Amino acid sequence: MSYSDATVAAATEFGPQVRRVMLEKQSEIRIQVPQISALKLRVLHGKVEIFGSELPRNTWLTFPPLQQFAVFTWYGATFEIDGVTETDTISDETPMISYLNVHNSLQVQRHRVTSSTRDYDSSQGPRVIIVGDTDSGKSTLAKMLLSWAAKDGCKPTFVDLNIGQSSITIPGTIAATSVEMPVDPVEGLPLHKALVHYFGHNTATNNVRLYKYLVEELARELEEEFAINAESRRSGMVIDTMGWTSGLGYQLLLHAIRTFNASLVIVLGQETELVYDLNKAFKFKKNVQILNLERSSGVFSRFSDFRKMLRNISIQRYFSGATNNLTAYTKTAKFTDMQVYRIGALLEKSRSTEPLRITPVLIDKDLVNTVLAISYAKQPHHIISSIVAGFVYITDVDLGEERITYLSPSAAELPSKIFIMGTLTWHKT
Ligand SMILES: Nc1ncnc2c1ncn2[C@@H]1O[C@H](COP(=O)(O)OP(=O)(O)OP(=O)(O)O)[C@@H](O)[C@H]1O
Ligand SMILES: [Mg+2]
């Protein structure tokens, strides 16, 4: 069987919206939650995974509007869905076996590392970078590899270089986090211990030099962490990238592969030219392997308006939680309590050798609706190399009273006076 309508037993005894779904072994149901309502799901029999993370049995899980996901089973399962779906399709044509094979070979490498000598280089675990077109399933495969590794007791580091559709926190960020538990299918990746740099734009072309600088900065920070943390070092990295694979986008991929010393480049989808170019570029590098894997036909294609909406939702989730379970606080600050800076010029010349300029931003009404990062920098000239503590959203600027009103995810005092502004705005709904 390939595509079919879901094997759904519309069972009236469960109420009009509860349906029972039976999945055969190695098949999945691909679901899109509608925009207007959430969807609940409960496993009754068997084991199911959402992108590598096993769901608990007999527990209702709530998936927020617009979430797209697949519920997959290796050996067959039955579960219930409560609510309407935008789409749901069952398929047993999935590339899951090839994805699991990659995981198994990464585990072999991780185990080899533990039992090998103590010298630094041979105690490095695999560093996987996933590349491919937009909507090829890169972030999904990254979640699977991370969740399976965490389930097997490893602590891989997830590195997110995709500033357009970020997975760790809001868009416009370059970030990394250690994954110690399978990725929560509703809440996503853990944010509390993440290293987050604020690029401030959702396209790299706005400031290619800054993008490269932040990628290098993050790689340096992770090398420092790996030098003192043998467990993270052995577990390695899974690196997610932008879906921009030609021209400058390709150069940025090469830059990321080299900067993070990737050992395995996974190319998702039918990318003959990209695979050819990468093989050529790393022909003499024995320690870099290029692997082309099939794109799942379940991956949803997201048009530019939908992507924009997802960016907005991602910011909303930062302040209010995935299921509106967090409180955001409206607070005010005096103009003198906030120093706002921009990094570099818009459309910074990528070949310029001058240091990136840090420019103070005048506090005025233009700040309204912008999202600012709170930098840990003590001095403005440390902004570029400093990670950020979090974000605030500016809701009002009162020029007469010289006060700024902002939304914060925390009731605590601001950890710093130094803020970074990019081009990221939020249209709060
Ligand atoms: N097998 C599947 N069934 C249903 N939905 C899926 C499946 N695989 C991926 N998706 C969904 O398809 C969408 C796109 O997938 P994903 O985010 O992994 O692509 P991507 O290559 O990372 O895209 P981008 O280049 O924009 O970052 C996501 O919403 C994801 O949850
Ligand atoms: Mg992605």
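Visitor: Why is N324 called exposed?

Guide: N324 has 11 C-beta neighbours inside 10 Å. A residue is exposed if 12 or fewer other C-beta atoms, placed from the backbone, lie within 10 Å of its own, buried if 20 or more do, and partly exposed in between. With 11, N324 therefore counts as exposed. Please keep in mind that this is a predicted model, in which local features need pLDDT of at least 70 and side-chain atom pairs count only at pLDDT 80 or more, while totals for chains, interfaces and linings use all residues. Residues are numbered from 1 along each chain as its sequence is written, and chains are lettered from A and ligands numbered from 1 in the order in which they are written.

Visitor: What about N261, buried, exposed or partly exposed?

Guide: N261 has 14 C-beta neighbours inside 10 Å, so it counts as partly exposed.

Visitor: What is the phi of N261, and what is that of N324?

Guide: N261 has a positive phi of about 55 degrees although it is not a glycine, and N324, also not a glycine, has a positive phi of about 60 degrees. Most residues other than glycine have a negative phi. N261 lies in the loop between α5 (248–259) and β17 (264–268), and N324 in the loop between α7 (304–320) and β19.

Visitor: How many helices and strands does the chain have?

Guide: There are seven helices and 25 strands.

Visitor: Why is the chain said to be as compact as a globular protein of its length?

Guide: The radius of gyration, taken over C-alpha atoms, is set against a globule rule of 2.2 Å times the number of residues to the power 0.38. The chain comes out at 22 Å, close to the 22 Å that the rule gives for 429 residues, so it is as compact as a globular protein of that length. Buried residues make up 39% of those 429.

Visitor: What makes β15 and β18 edge strands?

Guide: They belong to an open sheet of seven strands with mixed pairing, in the order β15-β14-β13-β16-β12-β17-β18. β15 (195–198) and β18 (289–293) each have a single partner strand, so one side of each is left without a neighbour in the sheet. Neighbouring strands here are turned by 15 degrees against each other on average, direction ignored.

Visitor: How do you know that β14 and β15 pair?

Guide: Two strands pair if DSSP finds at least two bridges between them. β14 (residues 173–178) and β15 have four, in the antiparallel sense, so they pass that test. T173 stands opposite Y198 in β15.

Visitor: What joins β20 to β25?

Guide: Four bridges join β20 (residues 339–343) to β25 (residues 418–425), and these two strands run parallel. Q339 stands opposite I418 in β25.

Visitor: Which strands pair with β10?

Guide: Strand β3 (residues 18–23) is joined to β10 by six bridges and runs antiparallel to it. Strand β5 (residues 39–46) also pairs with β10 over six bridges in the antiparallel sense. V18 stands opposite D82, and L41 stands opposite I81.

Visitor: Which residues touch the most other members of the largest nonpolar core?

Guide: A nonpolar core is a set of buried Ala, Val, Leu, Ile, Met, Phe, Trp, Tyr and Cys residues joined through C-beta atoms within 7 Å. The largest one has 109 residues, and V128, I129, L145, I239, V265, L372 and I420 touch the most other members. Helix α3 (residues 208–228) gives the largest share, nine residues. Contact means C-beta atoms, placed from the backbone, within 7 Å, and the residues that V128 touches include L106, L145 and I239. In soluble globular proteins, nonpolar side chains tend to be buried together.

Visitor: Where does UniProt place "domain: Clp1 P-loop"?

Guide: The unreviewed UniProt entry places that feature at residues 132–321, and such annotations may be inferred rather than shown by experiment. In the model, this span is 42% helix and 15% strand. The same record gives "domain: Clp1 N-terminal" for residues 23–112, a span with 19% helix and 43% strand.

Key:
Two residues are in contact if their C-beta atoms, placed from the backbone, lie within 7 Å. Axes are lines fitted to C-alpha atoms, for helices over the stretch in contact, and angles run from 0 to 180 degrees between N-to-C directions. Lists of a residue's contacts leave out its neighbours within four places in sequence.
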